[in-house]
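Welcome! Take a look at the sequence and the structure, and then we will walk through them together.

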Amino acid sequence: MISGADDGSLALWTVTKKKPLVMVRTAHGIHGDPGIQQPNWITSVTALLNSDLVASGSHDSKIRLWKCGEGFKRLEPLFDIPMVGFVNSLKFSSSGDFLVAGVGQEHRLGRWWRLKEAKNGIYIIPLKKTENKQESGDSK
């Protein structure tokens, strides 16, 4: 399981432990003036079923994709997808070919901030699968 929080942390959980397996603090960076900086809230998370791919969203103009490391002990950032606005919802398609993002000018649970340059809408982001080829030690 994956969770995001208003303190900017992204956590990977298992049902057998009370604490997260791994936690990434300020997963989407920080904002504000020096001395009063705050982390960007994690506003949405999703995981691709039966894979090691995780996506998180915030209001920092990007969706970040993560890879779960060996034994689910690490979360490694893969790349960012530029997105203007609050990423209020994320969902991978069942085939894993698309990532669907619900983006708005405001946070879905309140009107704390408003990003006027953002447009409310649904974005469908195509994803390209790559085969993970391992080298064989056999040289026949």
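Two residues are in contact when heavy atoms of theirs lie within 4.5 Å. With that in mind, take the contacts in the chain between residues at least 6 apart in sequence: 40% of these join residues at least 24 apart. Please keep in mind throughout that this is a predicted model.

**The chain as a whole**

The chain has 140 residues, and buried residues make up 38% of them. Its accessible surface comes to about 9,500 Å², with 52% of that belonging to carbon and sulfur atoms.

In soluble globular proteins, nonpolar side chains tend to be buried together. In this model, the largest nonpolar core has 15 residues, and those with the most contacts inside it are Ile63, Phe92 and Leu99. Which strands each supply at least two residues of this core? They are strand 7 (53–57), strand 8 (62–68), strand 10 (86–92) and strand 11 (98–104). There is also a second, separate core of eleven residues, and Leu12, Val24, Ala27 and Val54 are among its members.

Leaving out residues up to four places away in sequence, Ile63 touches Ala55, Ser56, Phe79, Asp80, Ile81, Met83, Val87, Leu90, Leu99, Ala101 and Ile125.

Next, find the open sheet of four strands, which has the order 6-7-8-9 and antiparallel pairing. Its edge strands are strand 6 (44–47) and strand 9 (75–82), each of which pairs on one side only. From one strand to the next, the twist averages 20°.

Strand 7 is mostly covered, with five of its five residues buried. The cover reaches both faces: Leu53, Ala55 and Gly57 are buried on one side, and Val54 and Ser56 are buried on the other.

How many bridges join strand 7 to strand 8? There are five, and the two strands run antiparallel. Strand 6 and strand 7 also run antiparallel, joined by four bridges.

| Residue | Stands opposite | Strand of the opposite residue |
|---|---|---|
| Thr46 | Ala55 | strand 7 |
| Leu53 | Lys67 | strand 8 |
| Val54 | Trp66 | strand 8 |

Start with Arg64, which is found in strand 8. Why does Arg64 count as buried? Its relative accessibility is 14%, and buried means under 20%. The side chain of Arg64 makes a polar contact with the side chain of Asp80 at 2.8 Å. A polar atom of the Arg64 side chain also lies 2.5 Å from the backbone oxygen of Ala27. Not counting residues up to four places away in sequence, Arg64 touches Ala27, His28, Val54, Ala55, Ser56, Pro77, Phe79 and Asp80.

Now move to Ser44, which lies in strand 6. Ser44 has a relative accessible area of 8%, so it is buried. Its side chain reaches the backbone oxygen of Val87 at 3.0 Å. Beyond its neighbours within four places in sequence, Ser44 is in contact with Ala55, Ser56, Gly57, Val87, Asn88, Ser89 and Leu90.

Finally, look for Lys128, in the segment after strand 12 (121–126). Is Lys128 buried or exposed? Lys128 counts as exposed because its relative accessibility is 77%, and the cut-off for exposed is over 50%. The C-alpha atoms of Lys128 and Asp97 are separated by 6.6 Å, although these residues are 31 residues apart along the chain.

Methods
Residues are numbered from 1 along each chain as its sequence is written. This is a predicted model: local features need pLDDT of at least 70, side-chain atom pairs count only at pLDDT 80 or more; totals for chains, interfaces and linings use all residues. Side-chain values use heavy atoms; hydrogens and water are left out. Buried means under 20% relative accessible area, exposed over 50%, partly exposed in between (1.4 Å probe, protein chains only). Accessible areas come from the Shrake-Rupley method with a 1.4 Å probe; for residues, only the protein chains shown count as cover. A nonpolar core is a set of buried Ala, Val, Leu, Ile, Met, Phe, Trp, Tyr and Cys residues joined through side-chain atoms within 4.5 Å. Two strands pair if DSSP finds at least two bridges between them. Axes are lines fitted to C-alpha atoms, for helices over the stretch in contact, and angles run from 0 to 180 degrees between N-to-C directions. A polar contact is a pair of N or O atoms within 3.5 Å; within protein, one must be able to donate a hydrogen and the other to accept it, and residues adjacent in sequence count only if both atoms are side-chain atoms.
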